[in-house]
Amino acid sequence: MKALELKNLHLKYLSSNFEIGPNFNLSINKGDFLGLVGESGCGKSSIGKVLIGLINQNEKDNFGVSSLEGELLFDHMGNQTNYLNTSYKNLTKLRKDVQMIFQNPRSALNLKMPVINTLLESARIGNPKMKKNDLLKIIYDKVIRTQFLNKNIKYENFLDQNKILATNGSLSGGERRRVSIAKVMCMNPSIIIADEPLASLDASIKLDILNYLIDEWKLRKDSENPLTLVLISHDVGVVSNVCNRVVVMYGDLMSKQGKIVEEFNPPRKFELKINKKNHPYTNELISASKYFSNE
Ligand SMILES: Nc1ncnc2c1ncn2[C@@H]1O[C@H](COP(=O)(O)OP(=O)(O)OP(=O)(O)O)[C@@H](O)[C@H]1O
Ligand SMILES: [Mg+2]
């Protein structure tokens, strides 16, 4: 069953010559753990913003988009709305369920707002019927799992911590990244677009955060409400190890023709090798990744 589907996307920015499409197609199945890899500037973040309904027909000017065509379908009680061009009311349904961990966490957070208020606001949206005490338990779980707060801090004391009372603007880049991940998790979405979620994190924490995302996905894998995860990354090694489907995008092929250069189903650890049958860009990615041998 499809969770999200982009059909014949054609997006053009006003101030640059960059465009995606005219016929870019991407379909994401329910419960997929999809890796999206590609050259810097090939349009990955733009696609993410389209998938979450941020860039849409009514609000495209706010993002410098001059033209936007195509369809975005989202499985919401079987309806066939095109979310690229729909009412604000319809968009809120999509936005509640489809969340993005933004590449730049500064733009995802109100910098003047304290961390705890940010998380409480998201937890309320994600769990509208829950009492404050239960919301706080969810928040505690997320700030510990993302290692925003040290795991030795007890639930009873977590609201007294300076870090949780601080404003988002006063945090370091890595701390802000962890708050932005906790915020998305508090919203309890069914689809998460994680745009380079490990950027600006210490090497030691990168793996923990990646494992956290994998754990959340695995936890809900066989449930009625599986988590659909899209991991945008430069590292074909990481996505090949953790995702169940990988899509590789590359420069002009992607932007002028809307073509995906490669699509494969991992796990292919130790199998994915430089190979004449691969697109040259896929081979470049493989040779840049420490996870694979290049024979
Ligand atoms: N608001 C904008 N106005 C004009 N051009 C833009 C705008 N936003 C993005 N672009 C251009 O669109 C192209 C794709 O940008 P995007 O951020 O989607 O790429 P990306 O694949 O996410 O790159 P990276 O891997 O570096 O994060 C880039 O050339 C960028 O300069
Ligand atoms: Mg990007």
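This is a predicted model: local features need pLDDT of at least 70, side-chain atom pairs count only at pLDDT 80 or more; totals for chains, interfaces and linings use all residues.
Local features need pLDDT of at least 70 and side-chain atom pairs count only at pLDDT 80 or more, while totals for chains, interfaces and linings use all residues. Residues are numbered from 1 along each chain as its sequence is written, and chains are lettered from A and ligands numbered from 1 in the order in which they are written.

Helices (H or I, at least four residues) and strands (E, at least two) are DSSP runs, numbered from the N terminus.

Helix 8 comes next. Its 18 residues (203–220) should span 26 Å at 1.5 Å a residue, and the end C-alpha atoms are 27 Å apart, which agrees; the expected span is 1.5 Å times one less than the number of residues. Ile209, Tyr212, Leu213 and Trp217 are the buried residues of helix 8. They cover an arc of only 130° around the axis, so they are on the same side of helix 8; the arc is that of the directions from the helix axis to the C-beta atoms. On the other side of helix 8, Ala203, Ser204, Leu207, Asp215 and Leu219 are exposed. Buried means that 20 or more other C-beta atoms lie within 10 Å of a residue's own, exposed that 12 or fewer do, and partly exposed is in between, with C-beta atoms placed from the backbone. The buried residues pack against several elements, including strand 3 (33–38) and helix 5 (132–145).

Two loop residues complete the tour. Leu198 is found in the loop between strand 6 and helix 8, and counts as buried because it has 22 C-beta neighbours inside 10 Å. Not counting residues up to four places away in sequence, Leu198 touches Lys206, Ile209 and Leu210; contact means C-beta atoms, placed from the backbone, within 7 Å. Thr81, in the loop between strand 4 (65–74) and helix 2 (88–97), is partly exposed, with 17 other C-beta atoms within 10 Å.

Key: Two residues are in contact if their C-beta atoms, placed from the backbone, lie within 7 Å.
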